[in-house]
Amino acid sequence: MDEVVTRLLEAERAARKLVDDAYNEAKRMEAEAKAKADDLSKKVYEEVIEGARKLAADEVKRIEEETLEEVKKVEEDLKKELENLKRTALKNFESAVKLVLDEVFKP
Amino acid sequence: MAIIGNLDKLIEVIAKNAEEEAQRVIAKAKERANDIIKGAVEEAKSRAEREASELLKKEREGALRKRRSEITKMRMEAFRKVLEHKERLIEEVVEEAKRRVNEYVKTEDYKNRLVNLIKEAIRVLNGGPIELRLNRRDLALNLDLKAISAELGRELNRSVELRVSEGSFLAGLVAKSAETGIEVDYTVEGILERKWKNLRVEVAKLLFTK
């Protein structure tokens, strides 16, 4: 009878140890998962933000290039307008001078 | 013998149950570990995407604001340059007019015109004693002021007495009634100054009409 009890107790002890080990292993796995989750989260976060930074830099560069183009166009338009003004003024110069002279001697 | 046989079976059952329990625990732990990783990554990705969107929006808006500001500044600068250019061209007209006045004052036509201006000034001041200022060159023209005084005296039916002195201006005259203190300024500079506000508009209109 003693042998029966002894073997049963041993079997129970072994079973408990197996289950306890499993729980311990589960805890270790959870801790490991949390650490891995932290690492992966940081990596994913950095990847997305880095991608956005690059995208933003490209977008800013594109807008700056467009700005330069537009500034160039304003400068070209200005140049043309000044040339046109000069040409028109040259054409009408005599009439304008005559207008001033006429008014100057008309009290 | 039967007891031993049943005991073995019982021990086997205990071991099997424990094994199954342990496997359940491990399986559940694996599932939980996957959920932890998946949840954390999804959360990080979602947070990063929100921040990325904000970052992109902020950078884009900043660049667009800078672009608007630069373009506006450029357009205002261009507008200012056009105005300056127009002003210079108008100034050239005035300078040329002054240059021609200097030529014109040497002509007989100017002499006649000056006489007419003197007469007009006497009419405006209604005769009487008048201080007449001419520039040095016009004083040297030796205008017949007596004849002018006599003519206007008859016209106005009252005496006209011209007292001449020297003034410093391009051409024309300044006349002042000694009785009333009223002064008329028919100098080129005075006329230009009085008329310039309206005349400038007319000159600009004429000068820049295609």
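Chain A and chain B bury about 6100 Å² between them, and 79% of that area sits on carbon and sulfur atoms. Buried area here is the accessible area (1.4 Å probe) that two parts lose on being put together, summed over both. The size of an interface is often given in just this way, as the accessible area lost when the parts come together. The model is a predicted one, so to speak of local features takes a pLDDT of at least 70 and side-chain atom pairs count only at pLDDT 80 or more, while totals for chains, interfaces and linings use all residues. Side-chain values use heavy atoms, with hydrogens and water left out, residues are numbered from 1 along each chain as its sequence is written, and chains are lettered from A and ligands numbered from 1 in the order in which they are written.

On the residue level, 61 residues of chain A and 71 residues of chain B take part in the contact, where contact means heavy atoms within 4.5 Å. Between the two chains there are 8 salt bridges, a salt bridge being a side-chain nitrogen of Lys or Arg within 4 Å of a carboxyl oxygen of Asp or Glu. A:Glu70 and B:Arg67 make a salt bridge, at 3.6 Å from N to O. On the side of chain A that touches chain B, 37 residues are nonpolar, 6 polar and 18 charged; Ala, Val, Leu, Ile, Met, Phe, Trp, Tyr, Cys and Pro count as nonpolar, Asp, Glu, Lys and Arg as charged, and the others, Gly among them, as polar.

Over all chains, the salt bridge count comes to 35. Within chain B, B:Arg200 pairs up with B:Glu87, their closest N and O atoms being 2.6 Å apart. B:Arg200 belongs to helix α5 (residues 188-207) and B:Glu87 to helix α1 (residues 2-104) of chain B, so this pair ties together parts that are 113 residues apart in sequence. Helices (H or I, at least four residues) and strands (E, at least two) are DSSP runs, numbered from the N terminus.

Chain B also has some strands to look at. Strand β1 (residues 128-134) and strand β3 (residues 174-177) of chain B run antiparallel, joined by 4 bridges; two strands pair if DSSP finds at least two bridges between them. B:Val174 in β3(B) stands opposite B:Arg133, and B:Val174 also stands opposite B:Asp185 in β4(B). β3(B) and β4(B) form a hairpin with 5 residues between them, and B:Gly181 in the turn has a positive phi of about 80°.
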